Amino acid sequence: MTFYDDRETRSADERAASQLADLRAQLPRARAAEGACNLDGPDLASLSDLAAYPVLRKSDLSKWQKEKPPFGGFAVKNAAHIFQSPGPIYEPGGISHDWWRMGRFLHAAGIGADDIVHNCFGYHLTPAGMIFESGARAVGATVLPAGVGQTELQVRAAADIGTTAYAGTPDYLKVILDKAAEMGETLKITKAAVGGGALFPSLRQEYADRGITCLQSYATADLGNIAYESDAMEGMIVDEGVIVEIVTPGTGTPVAAGEVGEVVVTTLNPDYPLIRFATGDLSAVLPGQSPCGRTNTRIKGWMGRADQTTKIKGMFVRPEQVADLVAKHDEIIKARIIASREGEMDIMTVQVEASGGDKAAFEGSVASLLKLKGKVEIHAPDSLPKDGKVIDDQRVYD
């Protein structure tokens, strides 16, 4: 087995020291933004001190970008492209190097200089096509910039030029393979690097039955590659160019090891410094190291969305409000809201883990902070579910 570089097999202490040095250099770049991302926080003695800095959310980027287009005042460097994501939010992209760090994933997927990559990620407005093309360039592969649609032409091109690897969403490869079978064409694709959607075990197995090894990555337009699978297929290995935290949704507070929470990422890309950027995705840290020999932290992959905003009795209840409730009372360790129905009425139950405290005072805070009255239940510390949910909507809509 060959690794992309020796960073993948560093000790935990070596990695932490290197990332701390990079982070100390990154913070001044982030603070250089004119009015945006001016971060107040302590001097960094260790990576754990990062948790004292504020979380940056997509809503912040959207607001700042409207005030100071296109990037909200961020000191962006080496940008060759501007992309648009829903919101809209605009992201920079560079071509001076593997700007989104996708080469590491493609190498882990076995893609290299002998491959022609059938790239079915979009090239128009959104950055996914360029993200994977950048990675292919980093590993020396040739790219067919296919995008999506016109499946017959895609099959024709794949057959004529002999594409050997696929990049795109997990399900679109099946569309191409089925069309090739319908046309009587045998394709040479034996590797697939997918993202942007769920890779179900049954679909991965179908590809394996067709002689195709399919691995997935977790990336975003803002951050690039966050984590990726290796041939061990045991969780997703965090990329060497980011720092990943798992926090309680709606807060910046790290959860205990192994608990589900929101993925918050700090990118060490000096061209676009994002500090504690909240992805809105849920995941959890896996214990131990990957059997493939890579030593970085592993996460379980995508486990749902952290934005659990729910309307109860006609009012929106947000994870940030639940966090405010916890912060208001020293006795409250954790809180969870249950939305349910009795007859035709919405019911809000607020479950709190607390070591003492006054239930009436908790109920008053619920009414003032959430603008709704709710039943408060006090539970023993460490007794509520550790599934990443702070708002659990149990209502059934027929």
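**A chat about a predicted chain**

Me: How does Met303 count by relative accessibility?
Reply: Met303 counts as partly exposed, at 35% relative accessibility. Buried stands for under 20% relative accessible area, exposed for over 50%, and partly exposed for what falls in between, with a 1.4 Å probe and protein chains only.

Me: Before we go on, what kind of model is this?
Reply: It is a predicted model, in which local features need pLDDT of at least 70 and side-chain atom pairs count only at pLDDT 80 or more, while totals for chains, interfaces and linings use all residues. Residues are numbered from 1 along each chain as its sequence is written, and side-chain values use heavy atoms, with hydrogens and water left out.

Me: Back to Met303, then. Where is its place?
Reply: Met303 is in the loop between strand E14 (298-299) and strand E15 (310-312). Helices (H or I, at least four residues) and strands (E, at least two) are DSSP runs numbered from the N terminus.

Me: Which residues does Met303 touch?
Reply: Leaving aside residues up to four places away in sequence, Met303 touches Val260, Leu282, Ser283 and Ala284. A contact here means heavy atoms within 4.5 Å.

Me: Let us step back. How many helices and strands does the chain have?
Reply: The chain has nine helices and 20 strands. Its radius of gyration is 23 Å, close to the 21 Å that the globule rule gives for 398 residues, so the chain is as compact as a globular protein of that length. That radius is taken over C-alpha atoms, and the rule is 2.2 Å times the number of residues to the power 0.38.

Me: What does the C-alpha trace span?
Reply: Along the principal axes of the chain, the trace spans about 75 × 50 × 45 Å.

Me: What share of the chain is buried?
Reply: Buried residues make up 50% of the 398 residues. The accessible surface comes to about 17,800 Å², and 53% of that belongs to carbon and sulfur atoms. These areas come from the Shrake-Rupley method with a 1.4 Å probe; for residues, only the protein chains shown count as cover.

Me: Of the contacts between residues at least 6 apart in sequence, how many join residues at least 24 apart?
Reply: The share is 61%.

Me: New topic: helix H4. Why is it largely enclosed by the rest of the structure?
Reply: Helix H4 covers residues 128-138, and eight of its 11 residues are buried, so it is largely enclosed. Among the buried ones are Met130, Ile131, Phe132 and Glu133. Just after H4, Gly140 takes a positive phi of about 85 degrees.

Me: Which residues of H2 are buried?
Reply: They are Leu61, Ser62, Trp64 and Gln65. Their cover includes strand E2 (89-93) and E12.

Me: What does Pro88 touch?
Reply: Apart from residues up to four places away in sequence, Pro88 touches Ser62 and Gln65. Pro88 lies in the loop between E1 and E2 and counts as partly exposed, at 36% relative accessibility.

Me: Which residues does a cis peptide bond join?
Reply: It joins Pro69 and Pro70, with omega about 0 degrees. Pro70 is in the loop between helix H2 (58-67) and strand E1 (81-85).

Me: Last topic. How many disulfides does the structure hold?
Reply: It holds zero disulfides. A disulfide is counted as a pair of cysteine sulfur atoms within 2.5 Å.
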